[in-house]
Amino acid sequence: VSKRPPEQSETDVNDAIRDVMEMVRSEAEGRDVQFQLELPEGLPQVRADRVQLQQVMLNLVRNGLEAMHGTPSEERRLTVESRLVEPECVAVSVRDQGEGCEARHLDRLFEPFFTTKEQGMGMGLSISRSIIEAHGGRLTAHPNATRGLTFQFTLPTQKGLAG
């Protein structure tokens, strides 16, 4: 991960999501994972560093793909959704159908060097949270009703930043 000053500009969250999904398409196909995108048109833009936003998305999507290695192939679905929450905030959710996480570990997922993966370094979610917080947003995780986890981050819209 390279350290560079953020270059924030008006950013269409859905365009950034589509770019990341295109980057991981072959990886998802190799893992037999189906994508479900719920990206409504007309969302307000956010002020963000597009590359950093894509780094966060790439981390969340790859984590979701990896989490489903033990899921029966017909149930492997990664859902990415964007929506307006509150009048001045855009939320992005990445929902997997993976093995999930024990409740006692949920709060620790964002700690540096904490990992539930055999080969993980435990830095991806910590860095992702730092990036989102530097943009004035929040990154959280919660278990799904049936299986897997949903990671959600929020970012203020241009209007939210001005107010």
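Guide: A polar contact is a pair of N or O atoms within 3.5 Å; within protein, one must be able to donate a hydrogen and the other to accept it, and residues adjacent in sequence count only if both atoms are side-chain atoms. This is a predicted model, where local features need pLDDT of at least 70, side-chain atom pairs need 80 or more, and totals for chains, interfaces and linings use all residues. Residues are numbered from 1 along each chain as its sequence is written, and side-chain values use heavy atoms, without hydrogens or water.

Visitor: Which residue's side-chain oxygen reaches a backbone nitrogen at the start of α1?
Guide: Helix α1 covers residues 13-30 (helices are DSSP runs of H or I, at least four residues; strands are E, at least two; both are numbered from the N terminus). At its start, the backbone nitrogen of Asn14 has a side-chain oxygen within 2.9 Å, and that oxygen belongs to Asp12.

Visitor: Where does α1 bend?
Guide: The bend is about 50°, taken between axes fitted to the seven residues ending at a residue and the seven starting there. The bend sits at Val24.

Visitor: What phi does Asp32 have?
Guide: Asp32 follows α1. Its phi is positive, near 60°.

How values were computed
Expected span 1.5 Å × (residues − 1).
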